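Trainee: May we go through this structure together? I would like to begin with the terms.
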Amino acid sequence: MTMLPQIRIPATYLRGGTSKGVFFALHDLPEAAQRPGAVRDAILLRTLGSPDPYGKQIDGLGNASSSTSKAVILSRSTRPGHDVDYLFGQVAIDQPFVDWSGNCGNLSAAVGPCAIHLGLVDAARIPQDGLCTIRIWQANIGKTIVAHVPIVGGQVQETGDFELDGVSFPAAEVALEFLDPADEGEDGGAMFPTGQLVDTLEVPGVGSFAATLINAGIPTIFLNAADLGYIGTELQGAINGDKAALARFETIRAHGALKMGLINDLAEAAMRQHTPKIAFVAPPASYTASSGKRVEAAGIDLLVRALSMGQLHHAMMGTAAVAIGTAAAVPGTLVNLAAGGGERNAVRFGHPSGTLRVGAEARLVDGQWQVTKALMSRSARILMEGWVRVPGEVLAG
């Protein structure tokens, strides 16, 4: 049998926030992969090492978690007032599909630095020293993200003293603004798809749950920890080793997706693992984070745990943090109530790796809550640059 040789594609491997991903410039991809379709998906799957029935992604660059099985495609933006177009793909680990339904808030922090590195930002826009403001078009969800990237000597400053729980080493801070995170956008999804701040979510065979269903940053289903039998201080081991609990979460997530209008049939949820997210909240309580760091109840506003791709996340997804900040800013949501209720423009929440602060600007207009922006800080760093190699058969899709 004649086997095709490997092809090589320029790529950059970056950490953004508490995630890692392989970044490509659109013009560097093979021609057939410069547009959506089977060839593009096949390249990303093979790059990350999926599908892997062993769940390890040994034959690729993925690291067997939802936080590290990610790919990004960047290009110069043709949209007025924007510098770069950003397309995100969540690559399944043990299944042969790429989910394009949402954004990655953590990797959003790496988009600006990578776009500068790849020469996708006009040199005249980059200061010799100071902050370079990069306007990013998030193509998956049709939103604008503004990244403030530190520059020293005309180059991206990657090292620094900004600490982020869930990341071992400090780095330079990248401040992010997610504009109109709950605006209807291109998919027409309303901030509260059902029109209610709190719904009753009926899940046959599982139970009935109070739920805040919100489309901000990423579609998210918020539940009360107590309704699920949890206290909100759980770490990964308490949930990810419980197959029955994970199956229950997935069933609830599927019914929530149906109620939010994201799917038309429950079976569709299996092929839409990236969205919606499911999370549970609780009032503040003290606990020891996965790093051994002590988190005191007095230092946080609430507890939040979230699942991504069927597993409890080791920290917090950036887009889910946007949803948390947005929901916290709207009095009466489960997130807001867990934080003590009332109007607030920022919260610090406890997650499995520590704490995170996220802000949101909300106002009541004609009886409807509107959120103009959500704000948080992350960091980013290039880990490796060069070429990925994938078998030539991927060009057949």
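Mentor: Buried means under 20% relative accessible area, exposed means over 50%, and partly exposed lies in between (1.4 Å probe, protein chains only). By that rule, aspartate 59 counts as exposed, at 55% relative accessibility. Please note that this is a predicted model, in which local features need pLDDT of at least 70, side-chain atom pairs count only at pLDDT 80 or more, and totals for chains, interfaces and linings use all residues. Residues are numbered from 1 along each chain as its sequence is written, and side-chain values use heavy atoms, with hydrogens and water left out.

Trainee: With which residue does aspartate 59 form a salt bridge?
Mentor: Its partner is arginine 46, with the closest N and O atoms 3.1 Å apart. A salt bridge is a side-chain nitrogen of Lys or Arg within 4 Å of a carboxyl oxygen of Asp or Glu. Arginine 46 lies in helix H1 and aspartate 59 in the loop between H1 and strand E3, so the pair ties together parts that are 13 residues apart in sequence. Helices (H or I, at least four residues) and strands (E, at least two) are DSSP runs, numbered from the N terminus.

Trainee: Is arginine 46 buried or partly exposed?
Mentor: Arginine 46 is partly exposed, with a relative accessible area of 28%.

Trainee: How many salt bridges does a search of the whole structure find?
Mentor: The search finds eight. One of them joins lysine 373 and glutamate 177 (2.8 Å, N to O). Lysine 373 is in strand E20 and glutamate 177 in strand E9, so this pair ties together parts 196 residues apart in sequence.

Trainee: Let us change topic. Why is E13 described as largely enclosed?
Mentor: Six of the six residues of E13 are buried, so the rest of the structure largely encloses this strand. Lys277, Ala279 and Val281 point one way, while Ile278, Phe280 and Ala282 point the other way.

Trainee: Which strands pair with E13?
Mentor: Strand E12 pairs with E13 in the parallel sense over five bridges, and E16 pairs with E13 in the antiparallel sense, also over five bridges. Two strands pair if DSSP finds at least two bridges between them. Phenylalanine 222 has alanine 279 of E13 as its bridge partner.

Trainee: What is said of Phe222 in the largest nonpolar core?
Mentor: That core has 68 residues, and Leu74 and Phe222 touch the most other members. A nonpolar core is a set of buried Ala, Val, Leu, Ile, Met, Phe, Trp, Tyr and Cys residues joined through side-chain atoms within 4.5 Å.
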